[in-house]
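Thanks for asking me to look this one over.

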Amino acid sequence: MTGSWWKSAVVYQIYPRSFSDSDGDGVGDLRGIEERLDYLSALGVDVLWLSPVYPSPQDDAGYDISDYQDIDPVFGTLDDFDRLLAGVHARGMKLIMDLVVNHTSDEHPWFRAKRDWYWWRPARPGMTPGTPGAEPTNWRSFFSGPAWEYDEESGEYYLHLFSRKQPDLNWENPEVRQAIYAMMRWWLDRGVDGFRMDVINMISKDPALPDGPGGDGSAFYLCGPRIHEFLQEMHREVFAGRERELLTVGEMPGVTVDQAVLFTDPARGEVDMVFQFEHVNIDHGPSKWDIKPLDLVALKATMNRWQAGLASVGWNSLYWNNHDQPRVVSRYGDGSPLAAKALGTVLHLHRGTPYIYQGEELGMTNAPFETIADFRDIESINHYAEAGPSALPALRARGRDNARTPMQWDASPHAGFTTGTPWIAANPNHKEINAADAVSDPDSVFHHYRRLIDLRHTEPCVVHGDFTLLLPDDPSVYAFTRSYEGTELLVLANLSAEPAQAAIDPAWLDAELVLATLPDERSTTLRPWEARVYRR
């Protein structure tokens, strides 16, 4: 792995099922992505991250994989993938795959043929197997219910931290690890440029699998006892010595700043960066369905702590949106294009590698789901089954389907995503928010994102500069400076619907205004959802 090219890169996440459908079956596919590569190239992004396109029963939207070395027919073929990859490379971009190796599908051949590759346990002593409470431990699944599924054929239980159709792999078994490394090498040899690693900090579990307080077993599987050993072994076996510039990012729920320093220290050879979740857990209680208003002061404090913690060693990944999060413009904004621009400005000017989720560059919003029948996501459907109709407001605000409605290409039926019936309904506001209109409007969210990306590519201070948070206690204004080799940037954003006074040095108003979301007024008063970037 040569250099740190990814520090100045911008990554664009594609959720293939919802991006672009080339054959009218209502599901996005690889050829649909290929047809949109010029759009992505015009945006200016450097790397495409594909959510899973492997064969899958689609119990958890493709994160339940039944074959790691093929393409699900709903998305196309390996030939389609190779053509897409060639098109990405021809435009000077890179492509990373989603690596899901904490668990497989229960329909993967390994699950029946290689029992000791998974976590199996007998019923709790003194209990009748298969009866409530007889599960080996009290762990709860992330998708509701126990984390253990009873298998009548064997009379034992298998562990699944997610869906019952997603049994967890036993990384204590060296055969498991070698099979995974071989698969990863196979994709890299095919030309893939790296991996986004799904819940990778869950692969090492305390082999005793003890009960957890209140059913929370996370102390025994988040950043478990051998996690650094496993990632270092993966690096040696898969990435070390390769000539090409590769990218590895580990999704790590519950990871702390101190742990992230270890994971991303280049000298340790683990991963290039991690996805952490503290900044998207600010606006809810113990459960994601326990919704609270955004506390901007708390958000700034969290972002600042990560900027400071990884300032000298390691690297940040920057995101507001992904396939698991609701749309940030509806969540932390008011749904308007101005809010989309302001939130984008704040994120992209931090130190780290920014990730754009499909449609974010258009200001796509949460969807108006009316009834539970409008949802498709297993997490939301399972929660509704437990909580009942009273759960609907929380599902509308936080459900993962908000990110999964079809990409809004134009104002035609189904947002130009498909000529058929989409697997999930397009947001009706595609008539006002769509790529065709955005590309032709120089003041659109799309062109603001294009300018943000260009600034990262051309101004070293954005990539390398120190980060200093200003006005930490201001409830409306997000302000910070970046400085590098004599250049200083000031970022100001009013993340509220009311005018706000920015208590900054007025001399900044004489500096060069390199980016702004509203016409320049040279004032320390920021209009609602206004953002500016100054340079001196």
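The points below go from the whole chain to one strand and its neighbours.

1. Please keep in mind throughout that this is a predicted model. The protein chain has 16 helices and 18 strands. Its radius of gyration is 23 Å, close to the 24 Å that the globule rule gives for 536 residues, so the chain is as compact as a globular protein of that length. The C-alpha trace spans about 75 × 50 × 50 Å along its principal axes.

2. How much of the chain is buried? Of the 536 residues, 60% count as buried. The chain exposes about 19200 Å², and carbon and sulfur atoms supply 51% of that area. Among contacts with a separation of 6 or more, 68% come from residues 24 or more positions apart.

3. Now to strand β7, residues 194–197. In a regular strand, side chains alternate between the two faces of the sheet. Here G194 and R196 point one way, F195 and M197 point the other way, and all are buried.

4. Which strands pair with β7? Strand β3 (residues 94–99) pairs with β7 in the parallel sense over 3 bridges, and D98 stands opposite R196. Strand β8 (residues 247–251) also pairs with β7 in the parallel sense, over 4 bridges. There, G250 is the bridge partner of M197.

Note on methods
Residues are numbered from 1 along each chain as its sequence is written. This is a predicted model: local features need pLDDT of at least 70, side-chain atom pairs count only at pLDDT 80 or more; totals for chains, interfaces and linings use all residues. Side-chain values use heavy atoms; hydrogens and water are left out. Buried means under 20% relative accessible area, exposed over 50%, partly exposed in between (1.4 Å probe, protein chains only). Helices (H or I, at least four residues) and strands (E, at least two) are DSSP runs, numbered from the N terminus. Two strands pair if DSSP finds at least two bridges between them. The radius of gyration is taken over C-alpha atoms; the globule rule is 2.2 Å times the number of residues to the power 0.38. Contact means heavy atoms within 4.5 Å. Accessible areas come from the Shrake-Rupley method with a 1.4 Å probe; for residues, only the protein chains shown count as cover.
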